[in-house]
Amino acid sequence: MSSLKVLIAGGGIGGLALAHGLVRRGMTVRLFERAPHGGAAGYRLHMNGDGGTALEALLPPELFELYLDTSRTDPRQERLLILDKQLRYLASRPHLGVATSGRRKDTAVNRRTLRQIMLSGLEDVVVTGEVASYEDRGQEVEVVLSDGQRETGDVLVGFDGIHSRVRAQRLPDAQVKDLGALGVYGRVPLTDELRDSLPPELDDGFVLAFGPQLLENGVLALGAFTPRVQVSQAATLRGVELALDEVAPYMMLGAAIPEAIAKTLGLDPARPNTQILKRAIQELVRGWHPAIIELVERAPAEDLFLTRARYLDVSHPWEPSRVTLAGDAIHAMPPSLGVGANLALRDAHVLADALESISTNESSVVIDAIGRYEKAMRGYAFPLLRRAITQEGMASGFSPMGLYRLVRMVGLRKIVRASRARNETVGTTTTSAEGK
């Protein structure tokens with residue numbers, strides 16, 4: 001059993017999972033988070049077997065069961081469904097990541113709920129504060145918080161996101177790249193009446209809808225979230241002393257806003273106005289299927305927020321040290337592949353196992369273990385990062401040309417041409433009939 005003291009910068013779901021796993025393995029842990037109980041950006045997170053298996057290995061059993069209890073109900077079909085703007089089928093593929101076996105399925109979670117679950121039991125571990133810098137002293141690492149406080153440990157893990165301060169010092173050549181695309185996220189309350197009125201396809205695993213004019217239209221992503229049990233009662237039913245905020249069923253919306261719409265509306269990414277964000281999505285779906293328009297109309301403007309499509313460019317391996325990186329701090333990517341949260345959890349699992357194998361604080365042993373984690377992480381995460389920015393991810397709306405890559409990748413060119421021909425034929429027939 002290792003006696004390491006591990007310092008973690010960042011209290012997102014990856015950092016919290018790692019903290020649980022290390023505590024369960026007998027290590028001393030200090031996790032530094034600027035806003036431990038603040039609202040996490042985002043709503044619905046797609047989960048797969050990578051993420052679920054990591055949570056099962058890292059969390060106490062009762063918290064893992066709470067994760068499953070509060071996950072969304074099993075969808076009709078576990079797949080990415082690609083539709084045109086009138087909700088006509090174009091293509092589909094299974095979700096990325098390993099499948100769940102031997103237990104309830106991993107589906108999707110509400111981000112804030114999962115974070116509330118994972119904060120439980122870490123009251124003596126989580127410290128309110130932000131790691132601003134560190135000093136690697138060879139036999140130990142000292143972190144300096146933004147308020148000047150200091151603390152030392154044997155290992156420092158930068159789990160502090162795409163703008164990681166730990167990475168800025170550890171790998172100063174790594175660059176955050178902006179894909180130049182704007183995304184607007186929100187959610188629509190799913191009342192029984194609204195759910196019953198929606199086409200059944202919209203309750204599938206995840207939906208991407210876009211029009212045939214691929215260089216002109218943005219993309220709308222839709223993901224339903226209906227929890228398996230009432231979230232506010234889940235902990236009580238499980239016998240866990242934990243207060244969870246209620247989460248009513250909702251449909252998450254994610255819109256890639258074309259540059260033309262943003263310019264016309266005067267959308268300022270530096271100072272996004274929620275009413276303008278609402279108008280941007282309304283303009284995007286003008287003329288789309290009535291069900292899509294209805295969902296957008298019902299989306300509360302105050303719940304909308306703006307994101308930029310970014311990724312992290314780390315172009316070379318590096319020598320391991322007592323300071324390592326995980327999650328978005330080392331492989332941030334656009335959200336279109338739906339694997340970011342799962343990769344962060346996988347990082348936590350692999351790193352926890354590597355650190356558990358250490359029986360001494362000797363530097364060579366510690367660094368070898370971290371090197372094994374980093375080699376494994378580069379092997380499974382970096383290929384997905386490259387895929388997200390060159391193929392499917394770009395195709396999901398973060399670049400206009402990416403839509404053509406999607407068409408080429410899944411063999412949709414003939415389908416799109418046939419769809420256009422069908423629309424033109426219908427228009428010609430209608431005009432001819434009207435002429436008679």
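Analyst: Two strands count as paired here if DSSP finds at least two bridges between them. In this predicted model, strand β1 (residues 5–9) and strand β2 (residues 28–33) meet that condition with five bridges, in the parallel sense. Within this pair, A9 lies opposite F32 of β2.

Both strands belong to an open sheet of five, ordered β7-β2-β1-β11-β17, with parallel pairing. The edges are taken by β7 (126–128) and β17 (323–325); each has a single partner strand, so one side of each has no neighbour in the sheet. On average, neighbouring strands are turned by 25° against each other, direction ignored. Helix α13 (residues 363–390) packs on this sheet, where it touches β11 (155–158) and β17. The direction of α13 makes about 15° with that of β17.

A further open sheet has seven strands in the order β5-β4-β13-β14-β15-β12-β16, and its pairing is mixed. At its edges stand β5 (89–93) and β16 (305–313), each with a single partner strand, so one side of each is left without a neighbour in the sheet. From one strand to the next, the twist averages 25°.

An antiparallel pair in this sheet is formed by β12 (residues 175–189) and β15 (residues 250–257), joined by eight bridges. Here P189 stands opposite Y250 in β15. Helix α9 (residues 274–284) lies across β12, β14 (219–225), β15 and β16. Relative to β15, α9 runs at about 80°.

Note on methods
Residues are numbered from 1 along each chain as its sequence is written. This is a predicted model: local features need pLDDT of at least 70, side-chain atom pairs count only at pLDDT 80 or more; totals for chains, interfaces and linings use all residues. Side-chain values use heavy atoms; hydrogens and water are left out. Helices (H or I, at least four residues) and strands (E, at least two) are DSSP runs, numbered from the N terminus. Axes are lines fitted to C-alpha atoms, for helices over the stretch in contact, and angles run from 0 to 180 degrees between N-to-C directions. Contact means heavy atoms within 4.5 Å.
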